[in-house]
Amino acid sequence: MLSVTEHKEIEFSANLISKFEEIVTRYPEGKQKSALLPILHLVQAEYGWVSPEAMDKIAAFLQIQAIEVYEVATFYTMFFMRPQGKFVLEVCRTGPCCLVGAEKIMHHIEKTLGVKEGEVTADGNFSWRGVECLAACGMAPVLQIGPEYTFHENLTEESVDKLIENLKNKI
Amino acid sequence: MSDKVKVTIDGITVEVEPGTSILNAARQIGGDIVPPAMCYYSKLEGSGGKCRTCLVKVSKGSEKDPRPMPKLVASCRTGVMDGMEVQNITSPEVIEARKGVVEILLINHPLDCPVCDQAGECHLQDLSYEHGVADTRYEFDRRTFEKIDIGDKIQLHMTRCILCYRCVYVADQITDNRVHGILGRGDASEISTYIEKAIENDFSGNVIDVCPVGALTDKTFRFKNRVWFTKPVDAHRDCPKCKGKVTLWYKGEEVLRVTGRKDQYGEVEDFICNTCRFDTKNTSDWVIEGPRHISHTSVISSNHYEMTLLPVIKENPILIEANKIEFDRATKV
Amino acid sequence: MARKLLLENINVPGIHTFDVYRQHGGYRSVEKALKTMTPDAVVEEVKTSGLRGRGGAGFPTGMKWSFLAKPEGIERYLVCNADESEPGTFKDRYLMTHIPHLLIEGMIVSSFALGAKTSYIYVRGEMMPQIRILERAIAEAKNAGFLGKNILGSGYDLELYVQPGGGAYICGEETALIESLEGKRGNPRIKPPFPAISGVWACPTVVNNVETIAAVVPIINDGGEEYSKVGNGRSTGTKLISASGNLNKPGVYEIELGLPVEEFIYSEEYCGGIANGKRLKAVVAGGSSVPILPANLILKTINGQPRLMSYESLSDGGFQTGSMLGSGGFIAFDEDQCIVRNTWNFARFYHHESCGQCSPCREGTGWMEKVLHNLENGHGKMSDIDLLVDVSKKIEGNTICPLGDAAAWPVASAIRHFRDEFEWHITNSKTAMEQNYGLAKYADPLPKLEEAIQN
């Protein structure tokens, strides 16, 4: 169970709320819970993770119990329950990618960033993890970077170095 | 009124209302042919289908469409059809699958029965005794969690949980708001409130009664005594919140705990409120009806397990072979 | 060149835009269906075509559509399954990225056939770029009058929305997908009731794969009869094959069903042979869930007949010596690949993706992964091999949804065909950490039936 030591009140922006409201119109009257996954994505894109306070606010907006949001957010692997690096490199680690060197790429990223899977670099800029099949096996090895989920294919150690350099320049 | 439908389970035919599940049809017959159920609870809508201990073989789909069903089905969630024929303990395939389910349910169970308050009235204990094998082939660390108090009356020991979802259905259907649920996924799923929260409402204590194992226990009874040393007595009181029909569990003159009245399948007759369960533990609070009938095979009445040999198996050499372990154990007694 | 029904215009510059797509004959099937056909006539065409679901199960689409309940006054829904997550499969990503309007067009015609007024495309959350592509395409189509109220003056109204998933393989199972669309955990439902009776929000629902929906377009344009002439026997039409692993030219190929496997792997038109001049050791032909076959049995059936890329030929010999077409995820393994390591990798995948609802899958997938991890890392025992087979049997067929089978088959089939390699890992655990077992007898000759089934 998560122990929350710090309680930060958050307020969704008017822009975010208006996006929530548009999403709710996609479903029949009274079925607004269907908006939960799209809303979680929007919230994560805004804050970098999904905090308990954010989930409570989402529950209030959708008029559902907070536990219903916790249940859903913890089921799906895309939602971060803890703060992450500014850029999260998600490398596919499933069979077809491993046939052409995904494990080597993960070792390389670990060495380059200097942090283990799931950890955040000291400057708060990077974290990385292995994820299951990203459905791009023909372009393997691959990785993606949220919140836009830009996609990087046919990775080599060199192309990963270049990618990390480019990201550093964006900071 | 619709006509009743005929279903045959292990050679015994019964007529039931249309829409009845195979499991409930079997319960109408009663006895050895009733499949065990760890997650299904007749008073909780949507429950069942998950534990897979009640799997049976449908050898004939119905009179209209006699084809057998291709896979074993969960009897708790499969409706009977007119003319359906079902095999439970007469099917070696079912016995084998059930043995597998029991083994799988136990690989991550702590087997801490000697220190578990549920011992003696634990469905997993009964199930493994009747259908399991003595040895495990699992050689890895078992999944563990910290014990958590959810409120001052209920303890959650997730390590023992088999994820039957019954307590979640109770919170959804019996209480006015649900604060606990299933978090995470796969074998990392857990019952939790996510952020530490007490479960506080008038009917929350029912999660203890529906829990088939010792994952949710009554803190007011914790380590007070073994259930088989206590005497169950049916009693009632005028309660403004619930029907007030309970079982009191006595040790000498003292009421150690209060539970709902459970039937032979471990289901309560009525859900009871927390006042009856936790706050009225004097004999003077209650009108005593008499001793609770407990099955003679239960550890609560006999202090030890014994098992009568399944009559169908006894007469069938193939089944004797398929149930060798149970057979040996039963014939030893 | 073989006939292309879906990807014919894939290389036309700008085909992802409405205007270019339309110039190349796009949305003709919508005009034809809405202006000249009844919904039932569309269903009949699809039945005639013999189209089978392209998501993996291969169930006849027309029949699935005809099961849809149509009670008065209750909405019906079409949901497109774009949760493509089966390892080895990436055809839907390809189609949605490059020719999104083909899917939109298929959705309009299919929704019309089923009488759905609102339809959803459920796309796995990781495919955010594709979600944006589809949303743009939907806006374009709506702008041109192919979506919204009174489409082409036919009186038919349709709204189409894209719904993102959140990262869960299990949501590719249709009832888990429906739960997810309702904003819940992706726990598969216990069936019956089937979605055709009670699906999303308890309304009658059809769930179809992206490629299935796309195939409706050529079926309506050319007629079901024409479509059924393409392909081989009961495997009608074309199929998108996602080719990956150690191939010279991995990628998505549209093949006419019935193409010989050997031609698919080695011809220049398709995969161009095994990469780096290596030899083929094994193939997983239909996505990670289907049984793995050694090179000899993927190229030929046990009777020595050439193996074809079709539903029937790939399953020839049953699970003893055959496999399945599945979703068309074709993964090739060269002689340097370790089958034990790959089996562990797949087992980890299914363990990670099990929803945890029913006990055999929740506990059994983790058990298999742990045993395989031991085997791969030099801590295995001979008894582990039979234990794995036994645990896989305890899962197979005993779960709520097909994920249990999908987790059991790769393990059982790897041991069935590569038992020698598993045993070698145990008897030579040190060597196995440094080098691979190699090709052994897996490419040649074709085993005798008795040998193939001894495991």
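**Entry 1. Strand S1 of chain C**

I looked up the bridge partner of Tyr77(C) in S4(C) and found Thr205(C). Strand S4 of chain C covers residues 205-209, runs parallel to S1(C) and is joined to S1(C) by five bridges. I take strands (E, at least two residues) and helices (H or I, at least four) as DSSP runs, numbered from the N terminus. The model is a predicted one: local features need pLDDT of at least 70, side-chain atom pairs count only at pLDDT 80 or more, and totals for chains, interfaces and linings use all residues. Residues are numbered from 1 along each chain as its sequence is written, while chains are lettered from A and ligands numbered from 1 in the order in which they are written.

I then turned to strand S2 of chain C (residues 118-123), which pairs with S1(C) in the parallel sense over six bridges; pairing requires that DSSP finds at least two bridges between two strands. Opposite Asn81(C) I noted Tyr122(C) of S2(C).

Next I checked burial. Six of the six residues of S1(C), residues 77-82, are buried. A residue is buried if 20 or more other C-beta atoms, placed from the backbone, lie within 10 Å of its own, exposed if 12 or fewer, and partly exposed in between. In a regular strand the side chains alternate between the two faces of the sheet. On one side of S1(C) I listed Tyr77(C), Val79(C) and Asn81(C), and on the other Leu78(C), Cys80(C) and Ala82(C); both faces are covered.

**Entry 2. Helices H2 and H6 of chain C**

I recorded an angle of about 15° between H2(C), residues 28-36, and H6(C), residues 100-114, with the axes 9 Å apart. Axes are lines fitted to C-alpha atoms, for helices over the stretch in contact, and angles run from 0 to 180 degrees between N-to-C directions. The two helices are therefore roughly parallel, a term for angles under 35 degrees, with over 145 being roughly antiparallel, 65 to 115 roughly perpendicular and the rest oblique.

H2(C) contributes Ser29(C), Val30(C), Ala33(C) and Leu34(C) to the contact, and H6(C) contributes Glu105(C), Ile108(C), Val109(C) and Phe112(C). Contact means C-beta atoms, placed from the backbone, within 7 Å.

**Entry 3. Ala33(C)**

I followed Ala33(C) in helix H2 of chain C. Ala33(C) counts as buried because 27 C-beta neighbours lie inside 10 Å. Leaving out residues up to four places away in sequence, Ala33(C) touches Val42(C), Val109(C), Phe112(C) and Ile220(C). From Ala33(C) to Ile108(C) I noted 75 residues in sequence and 9.5 Å in space, C-alpha to C-alpha.

Note on methods: Contact = placed C-beta atoms within 7 Å.
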